[in-house]
Amino acid sequence: MDMEALMAQASELQNKVTAAQDKLASMHVKGIADNGAVIIDMTGKYDLANITIRDDVMNLGAKGLADLISVAYNDAKEKADKLIDDVMGEATAGIPMPE
């Protein structure tokens, strides 16, 4: 492969990755704990968009509430990880990667 073709391929990959990152910034996932007691809304770039906490779980105290927030966050992060894998996989599909 000549240098010009390699540079064109690198530029194409960079454009696709940038577009994929922009797409991820506008996509959202929801992490849910205890049947919706706590819901974390996160973008595909891990930015926190919103936290919803049901009133009836406020009596759990700080530790109980922190545990629910942690469960919801981990659920959202897992979903965001999958979303990132899917979107970035589409962006780099068909482009040979160096080994």
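Visitor: Where is the place of Thr-43?
Guide: This is a predicted model: local features need pLDDT of at least 70, side-chain atom pairs count only at pLDDT 80 or more, and totals for chains, interfaces and linings use all residues. Residues are numbered from 1 along each chain as its sequence is written, and side-chain values use heavy atoms, without hydrogens and water. Helices (H or I, at least four residues) and strands (E, at least two) are DSSP runs, numbered from the N terminus. Thr-43 sits in strand 2.

Visitor: Is Thr-43 buried or exposed?
Guide: Buried means under 20% relative accessible area, exposed over 50%, partly exposed in between (1.4 Å probe, protein chains only). Thr-43 has 7%, so it counts as buried.

Visitor: Which residues does Thr-43 touch, not counting those up to four places away in sequence?
Guide: Contact means heavy atoms within 4.5 Å. Thr-43 touches Leu-24, Ala-25, Met-27, His-28 and Ala-80.

Visitor: Which elements do the buried residues of helix 1 pack against?
Guide: Helix 1 covers residues 3-26. Its buried residues include Leu-24. They pack against strand 2 and helix 2.

Visitor: Which strands stand at the edges of the sheet?
Guide: The open sheet has three strands in the order 1-2-3, with antiparallel pairing (at least two DSSP bridges between two strands). Each edge strand has a single partner, so one side is left without a neighbour in the sheet. These are strand 1 (28-33) and strand 3 (48-53).

Visitor: What angle does the direction of helix 2 make with that of strand 1?
Guide: Axes are lines fitted to C-alpha atoms, for helices over the stretch in contact; angles run from 0 to 180 degrees between N-to-C directions. Helix 2 (residues 61-92) packs on the sheet. The angle is about 145 degrees.

Methods
Expected span 1.5 Å × (residues − 1).
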